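Subject: Structure for you to look at

Hello,

Here is the structure I promised to pass on. Please open it first, then read my notes below.

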Amino acid sequence: MSQPAFDPTPFFRDRPGHHGTTLGIGWHGQGDGWVELALPYDPAQIGDLDSGVIASGPILTLMDQATSLAVWMKRGAFLPHATLDLRIDYLRAATPGRTVIGRGECYRLTHSIAFVRGQAHDGDPDDPLAHVAGTFMVTGKAPGTATGER
């Protein structure tokens, strides 16, 4: 039996107070196995007052959420999981005043592990701010299922 496509809308509509919502992270785009989220520039997130550059933490949160959602898009359903590993390499500072776009991709799934990669940029995907690579591990069964099998 096939599963309906995963709908990420509730993650942005029904989670007031969630740290991603608090940071202003929103939906930007999606495709087969990938998701793009947007982190609008917010002076409250500045990490360097002299330059106006936002801190690295909101970008890491953006990339964790983008890659996590990419896993659910690839699986076609929500299945509880935890970030097992997420390496982020910062290549340069974000440009003050610009929205940061985070693109996460799930490129391989096993029964319990998802492999992800992605990048963050502030307007030009050919000039990324950061690259990420990581894994997520299934931690439970999908709500409403007896075995967690899809």
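A polar contact here is a pair of N or O atoms within 3.5 Å. Keep that in mind for one side chain below. Note too that this is a predicted model.

The sheet comes first. It is open, has 6 strands and pairs antiparallel, in the order β1-β2-β6-β7-β8-β5. β1 (26-31) and β5 are the edge strands; each has a single partner, so one side of each lacks a neighbour in the sheet. From one strand to the next, the twist averages 20°. β5 and β8 run antiparallel and are joined by 9 bridges. Asp-89 stands opposite His-131 of β8.

Next, the helix. α3 lies across β1, β2, β5, β6, β7 and β8, at about 40° to β6.

Then the core. The largest nonpolar core has 29 residues, and Leu-39, Ile-59 and Val-100 have the most contacts inside it. The elements giving two or more residues are β2 (34-39), α3 (56-75), β5 (81-90), β6 (100-109), β7 and β8 (130-138). α3 gives the most, with 9 residues. Leu-39 touches residues including Ile-59, Leu-62 and Val-100.

Last, Gln-119. This residue lies in strand β7 (residues 113-121). Is Gln-119 buried or exposed? Its relative accessibility is 19%, so Gln-119 counts as buried, the cut-off being under 20%. A polar atom of the Gln-119 side chain lies 3.0 Å from the backbone oxygen of Pro-125.

Best wishes

Terms used. Residues numbered from 1 in each chain as written. Predicted model: local features only at pLDDT ≥ 70, side-chain atom pairs only at ≥ 80, totals over all residues. Heavy atoms only, no water. Helix = DSSP H or I, 4+ residues; strand = E, 2+ residues; numbered from the N terminus. Buried < 20%, exposed > 50% of the residue type's maximum accessible area, 1.4 Å probe, protein only. Polar contact = N/O pair within 3.5 Å; in protein donor to acceptor, adjacent residues only side chain to side chain. Core = buried A, V, L, I, M, F, W, Y, C linked by side-chain atoms within 4.5 Å. Contact = heavy atoms within 4.5 Å. Pairing = 2+ DSSP bridges. Axes fitted to C-alpha atoms, helices over the stretch in contact; angles between N-to-C directions. Lists of a residue's contacts leave out its neighbours within four places in sequence.
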